[in-house]
Amino acid sequence: MTLGRTRGARGRTRERQRDADRESDGLTESVVSIRRVAKTVAGGRRFTFNALVVVGDGKGKIGYGLGKAAEVPLAVQKGGAIARRSLIDVSTLESSVPQQVVGRFGGAQILLRPAAPGTGVRASAAVRAVVQAAGVRDILTKSQGSNNPINVVQATIKGLQMMRDPRQTISLRRMVRGEEPLPEKEPEAAPGYDGPTPIVPQPVSSDTFLAENAEEEQPTATEAQASEVEAESETETETAADAEPDSSDQTEEPSAEAEDAPTADTEETPASEAEESATADAARDAESSSDDENEGAGS
């Protein structure tokens with residue numbers, strides 16, 4: 001009897017330890033379905049339970065397991081242990097999935113389609129358990145085949161495995177073109193780097209953007225005063241320029257008179273020449289008359 005009690009205590013201790021390990025690993029456990037199955041034997045029918053369990057960390061790591069036992073708690077426990085041993089990584093994009101795919105397993109076909117933030121999870125119970133365990137919060141799904149929970153869960157996982165990270169796809173295309181692939185992570189600054197801290201762009205709403213632009217367009221008080229002072233100085237300069245005579249006009253007047261002076265001399269030159277010619281003609285007439293008188297006296 002003592003030995004039996006010791007073994008029972010050890011078994012309960014192991015169960016508590018397993019429960020503590022399950023709680024500390026950071027994985028969420030979800031029971032999708034529990035079915036009771038019967039097996040006919042010589043003494044009658046023997047009933048057992050199947051529990052389909054899905055686990056995940058909400059960051060792209062999921063797994064599923066099918067536990068079988070004579071009792072429901074033990075079947076759930078076995079299913080969770082199997083799911084933890086079969087964890088896989090799937091690609092997600094923020095709160096949704098990167099692209100649209102169709103996952104197939106057996107007679108089940110599950111359509112997985114990206115959705116805008118705030119849409120939520122539009123899916124059945126089996127698909128919902130899988131995508132929420134993977135950390136997807138916005139997705140559209142459609143079951144196009146069998147409704148068997150086991151097939152639906154495996155088809156959903158197949159579809160998530162078909163997802164490709166956009167950076168991975170770009171890297172593959174660059175490698176096909178003969179270029180260098182993208183780095184797995186963004187380059188980080190060295191530990192001893194003292195340069196400026198990189199600015200992370202933050203989303204800005206349209207109302208905030210319009211308000212900032214309106215503030216930039218409106219001039220400040222100092223700018224308004226400066227513009228008024230500049231306008232007054234310009235008006236004063238224009239009035240002073242209109243009141244004072246233009247120095248260029250004064251300098252041009254003597255030059256005009258100087259140009260007129262030679263023209264006057266040139267106009268008087270023909271008159272002087274006419275007078276000189278008249279004087280010369282009168283002198284010739286006087287000489288001819290004196291010669292005629294001398295000739296008359298001699299005769």
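User: Let us start with R84. Is it buried or exposed?
Analyst: This is a predicted model. R84 counts as buried, because its relative accessibility is 18% and the cut-off for buried is under 20%.

User: Which side chain does R84 meet in a salt bridge?
Analyst: The partner is E29, with 3.0 Å from N to O. R84 lies in helix α2 (residues 72-85) and E29 in strand β1 (residues 28-41), so this pair, 55 residues apart, links distant parts of the chain. E29 itself is partly exposed, at a relative accessible area of 36%.

User: Why can such side chains pair?
Analyst: Side chains of opposite charge can do so when their charged atoms come close.

User: How many salt bridges are there?
Analyst: The count comes to 3. E179 takes part in a salt bridge with R174, where the closest N and O atoms are 3.7 Å apart. E179 also forms one with R177, at 3.6 Å between the closest N and O atoms. Through these shared partners, R174, R177 and E179 join into one network.

User: And how exposed are R174, R177 and E179?
Analyst: R177 is exposed, with a relative accessible area of 55%. R174 is partly exposed at 25%, and E179 is partly exposed at 36%.

User: Changing topic: which strands pair with β8?
Analyst: Strand β6 (residues 108-114) pairs with β8 (residues 139-143) in the antiparallel sense, over 5 bridges. There, I110 stands opposite S143. Strand β7 (residues 121-122) runs parallel to β8 and is joined to it by 2 bridges, with V121 opposite I139.

User: How does the chain cross from β7 to β8?
Analyst: The path goes through helix α3 (residues 125-134), and this β-α-β crossover is left-handed.

User: What about the largest nonpolar core?
Analyst: It has 27 residues, and those touching the most other members are V32, I62, L112, V130, I139, V153 and L160. Two or more residues come from each of β2 (44-56), β6, α3 and α4 (149-162).

User: Which element gives the largest share of this core?
Analyst: Helix α3 does, with 7 residues.

User: What does L112 touch?
Analyst: Leaving aside residues up to four places away in sequence, L112 touches several residues, among them Q99, V101, V127, I139, L140, T156, L160 and M163.

User: What is in the second core?
Analyst: That separate core has 7 residues, including V53, V55, V76 and A83.

Conventions:
Residues numbered from 1 in each chain as written. Predicted model: local features only at pLDDT ≥ 70, side-chain atom pairs only at ≥ 80, totals over all residues. Heavy atoms only, no water. Pairing = 2+ DSSP bridges. Helix = DSSP H or I, 4+ residues; strand = E, 2+ residues; numbered from the N terminus. Right-handed = clockwise from strand over helix to strand, strands pointing away. Core = buried A, V, L, I, M, F, W, Y, C linked by side-chain atoms within 4.5 Å. Buried < 20%, exposed > 50% of the residue type's maximum accessible area, 1.4 Å probe, protein only. Contact = heavy atoms within 4.5 Å. Salt bridge = Lys/Arg side-chain N within 4 Å of Asp/Glu carboxyl O.
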